[in-house]
Structure formats: structure tokens, C-alpha cells
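Subject: The two-chain model, with notes

Hi there,

Here is the structure I promised to send over. Please have a look at it first, and then read my notes below.

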Amino acid sequence: MTMKAGQSGVGSAGLVGTVLALCGCLGFPVVIGLLSLLGVRWILQPRYLLPILAIGVGLGLWSLIGFFRRSGESLPLVLGLIGGSAALTTEIIRAATHQHAYFLGYPGLALFVGAFVLSALIQVRRPQRQAS
Amino acid sequence: MDQSQVTQRRYNDTGRKLELPLTLIALLCAAITPNVFVAGGAGVASMSTLTKYLLAPAIVIQVAILLYARAAGYPRLFNRLVIGLWVGAVATTGLDIIRQPGTFFGYLAHDEARMAGEMILMTEAHGHGRGDATPEGKQAAHGNAVTDQHAGGNTHAGAKDAHAESKEHAPDATSAHPASSEMHATPAHGDAAQHGGVTAADFVGYAYHYWNGASLAVVYALVFGRTPWWGPLLYSVLFVDTGMMVFMRIAMGPLTWGIGLVALLAHVVFGLILGVLLARFIRDDGSILKLISTPTLRRA
């Protein structure tokens, strides 16, 4: 149980880190404004954002691997892998070419978030099915 | 034979008669999607016209069949259509993980999704037809690799030049054109395209790109049903990639090793994702030929 709670916390941290980093990479005004307000807008530079994104994706995937081991459901992990890879590729493209690969970043973000939503839905529904 | 058995038999007979035609119509509609680009690129007719009179009705019919299959109780057909659509869209994101760096780093001559959007909206300012769509043709038409990079299609040298120029204009990545202002750019091929932003052609093109990936997956699901993971991989490499290469050779001129390798790798990823997910979520075995001989799966 402790292991599950720990992995859930790591997964949440990974998800939040990835979403914020990718939103910053894609130039979401809210994220940029918030970071400017806090005086840490420099963090949006690829040299800082890329490692943050990589750590976020790594933590998120670690949590999804844990979920796969516990439940045997592979779909969230597959979606997380694709979404995380798309997110990292988007940031690498930005770092190398100073251009935004929006149509890779947005689907990547959707898939990464979708993987966690799906894993949460599976977790909620499974005990209900077992009970019924 | 009591009344319920008679009713059951009647439903089954109707189902047997309808599932095969519905599958064939859905298959035809799905197959139209990639071929619109092929026909448009080869100059058979403008892609705009083909979209209006062929692709749009095909999409409507395909969605109608999907809804009818759900409502009338054809679980096999419904399962193959729905799973094919979403798995194909997910696999397209996987394909783009390889394709988009290929475009941005200059290994692919065009962003094909944007190109399709420009062809559909008839906003192709630089032309992407048979003659001038080759990398050489584009270079000659532009005479400036930096402009080429901004237009979405670039050469390797062009990418370097454009990179240098974009650095000049935006020394700090955070001060580069904010996404918000680019996202609100309305002209189809105006300032946004010039600055690498998002245009209407991008939205339309990428919608087509994703629907295309979904349609290719639907074609596989309808024809082959559930297969091992390597089935879609072979389909993607031998059928989709080879078809695309042949089409590009015919419609757009000579191919380079870069285009060939990036396209092959992208389709391997596409096929792998398709294979894993279709093998997991398609419920029934059996190809389309089995529909003729096996009892229908229509729910009474």
C-alpha cells in the first residue's frame, strides 16, 4: 500500500512536471505569465526545460510501469510512452531549431495526460466490478 | 420452432446480408482518404475538389455506418471501426515522433500534413504539384533557403541557414514569437506561415493527416481483423510505406536516402503501435473473407 501511495505521488509529480514543462515549451501564456510573475522565466530556456521535461516524463513513465505491473493493463503505459516521447521530441526540436512543433506537442500532451486519466479510471472501476 | 427462434433467425439472416455490404462500404470510404492525397498530388484533380466531393461524403458515410453498427447491433463491425479509428490516430502521433524531426531538421523536403492542408484549402502559394514539388523545384522557385524553411518545406542547408536567422531574431528562446500570438493568426498562408506559426492550412492538414492514419488502421482492421502484432507492422512497411515511396517518386520526383530512411522508420513505429494496440483491442479473429462464410455476429 505504501509502495502504491509512493508511486502515485511520483506519478503525480511526473505528470505535473511534464504538463507544466510542455506547456512552457509550447508557449502557453498562462504558464509563461506565471513564471514571469515568479521571476523564473529563464527556466523556459531549453537548457533548463529539457532536463525538467525528461525528469517529468521519466517519473510519469515509472509510475505507469508500476501501474502496469499491478494491474496488467498495458494501454496507459503505451499511451504514456508515445505521449512522453512526443513531448521530449517537441522540446528537442525547439532546442535545436527554435521552432514549435505544435502538432506533435499537443497530441503528445493529450496522450500523456490521457494515460494517467485512463489509469485512474481503471483503478476506480476495477474495485466496483469486483464488488458487483 | 417458436416465435423467438423465428425472430432470432430472421435477425441473423438480415445481419448476414447486411454486415458484409456495410463492411465493404466502410472499407471503400476508409480507402478514399489516402487516395485523395495520391490523386491530388498526381494531378488527377485538385485535392480541394476531391475533398469536397469525395472525402467529405466518405467521412460522413463512414461515421454513419459506425453509428448504425452501434445502434443496430453489429459488434464485430463496430469494434473494428472504432478501434481502427482511435488506434490509427494514436499511431499517427507515434509516426510524427519520427516524421516531424525529419521535417524540422531538413531530411524531408515537405511537411506533408501542411502541404495537404494547403492543397485542400487551395492556399498553396508555392505550388506542390507534380512539377515544382521536388526539393530542387522548390529551391529554384524560392531561390532562398530561409524562405523555404519558413514555408514548411526545407532542405538541410536551408535548415541551417534558417536556424542561424532565427537565432539572430530570437537570441533567447523565451523571447521568440509567443505561441499565443501565433495561434491566433488567422490568415491561411500569411504572416503566421512566414514565421513558422500555425495556419489554417496546418489545422486542416493535420486533421487530414490524423484521419488518414486512422483510415489506414480501419482498412487493416476491416480486412484482416485481429492478427498478431507483426501483421500491422508488415502492412505498414510493405504496403503503406512502399505505396508512399512509389507515389512520391511518381508525383514529386527523385527520392533521397534521407526521405527513404525517415519514412521507413516512421512507418515502422506506426506499424508497431498499430500492431500492439490492434492485437489487444480487436475482439474477433478472421479476415473479411470470413464474413461470407461464418454466422453473423449481429445481436438479436
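Predicted model: local features only at pLDDT ≥ 70, side-chain atom pairs only at ≥ 80, totals over all residues.

**Chain A**

Let me begin with chain A, which has five helices and zero strands. Its elements, read from the N terminus, run α-α-α-α-α. Along the principal axes, the C-alpha atoms of chain A fill a box of roughly 50 × 30 × 20 Å. Of its 132 residues, 48% are buried. The accessible surface of chain A is about 6300 Å², and carbon and sulfur atoms hold 70% of that. When contacts in chain A between residues at least 6 apart in sequence are considered, 74% join residues at least 24 apart.

Is Leu53(A) buried or exposed? Leu53(A) has a relative accessible area of 0%, so it counts as buried, the cut-off being under 20%. Setting aside neighbours within four places in sequence, Leu53(A) contacts Thr18(A), Ala21(A), Leu22(A), Ala87(A), Leu88(A) and Glu91(A). For a sense of distance, Leu53(A) and Glu73(A) are 20 residues apart in sequence, and their C-alpha atoms are 25 Å apart in space.

**Chain B: overall picture**

Chain B is built from 13 helices and zero strands. It has 300 residues, of which 53% are buried. Among contacts in chain B with a separation of 6 or more, residues 24 or more positions apart account for 75%.

**Chain B: the cores**

The largest nonpolar core has 75 residues, and the members that touch the most others are Leu77(B), Leu81(B), Leu274(B) and Leu277(B). Helix α3(B) gives the most to this core, with eleven residues. There is also a second, separate core of 21 residues, including Leu55(B), Ala58(B), Ile120(B) and Phe247(B). As general background, nonpolar side chains tend to be buried together in soluble globular proteins.

**Chain B: the largest pocket**

This may be the part you open the viewer for. The largest pocket holds about 660 Å³ of space. The elements of chain B that each give two or more residues to its lining are α1 (3-42), α3 (75-104), α4 (112-121), α10 (200-224), α11 (230-252) and α12 (257-281). In total 30 residues line the pocket, and Pro34(B), Asn212(B), Leu216(B), Val240(B) and Met244(B) lie nearest its centre. By type, the lining divides into 20 nonpolar, eight polar and two charged residues.

How many of the ten residues of α4(B) are buried? The helix is mostly covered, with nine of the ten buried. Those buried residues are Glu112(B), Ala113(B), Arg114(B), Met115(B), Ala116(B), Gly117(B), Glu118(B), Met119(B) and Ile120(B). Just after α4(B), Met122(B) takes a positive phi of about 55°.

Phe37(B) lies in helix α1 of chain B. With a relative accessible area of 9%, Phe37(B) is buried. Beyond residues up to four places away in sequence, Phe37(B) touches Met47(B), Glu112(B), Met115(B), Ala116(B), Met119(B), Tyr208(B) and Phe247(B). By contrast, the C-alpha atoms of Phe37(B) and Ile61(B), 24 residues apart along the chain, are separated by 19 Å.

His209(B) is placed in helix α10 of chain B. Its relative accessible area is 13%, so His209(B) counts as buried. Leaving out neighbours within four places in sequence, His209(B) is in contact with Thr92(B), Leu95(B), Asp96(B), Arg99(B) and Ala113(B).

Happy browsing, and do write back with any questions.

Best wishes

Definitions and conventions
Residues numbered from 1 in each chain as written. Chains lettered and ligands numbered in written order. Heavy atoms only, no water. 1 Å grid on protein atoms, 1.4 Å probe; cavity = no way out; pocket = protein on both sides within 12 Å on 5 of 7 lines; lining within 4 Å. Points joined across faces, edges and corners; volume = space filled by probe spheres on them. Helix = DSSP H or I, 4+ residues; strand = E, 2+ residues; numbered from the N terminus. Nonpolar A, V, L, I, M, F, W, Y, C, P; charged D, E, K, R; others polar. Buried < 20%, exposed > 50% of the residue type's maximum accessible area, 1.4 Å probe, protein only. Contact = heavy atoms within 4.5 Å. Core = buried A, V, L, I, M, F, W, Y, C linked by side-chain atoms within 4.5 Å. Areas by Shrake-Rupley, 256 points an atom, 1.4 Å probe, with all protein chains shown as cover.
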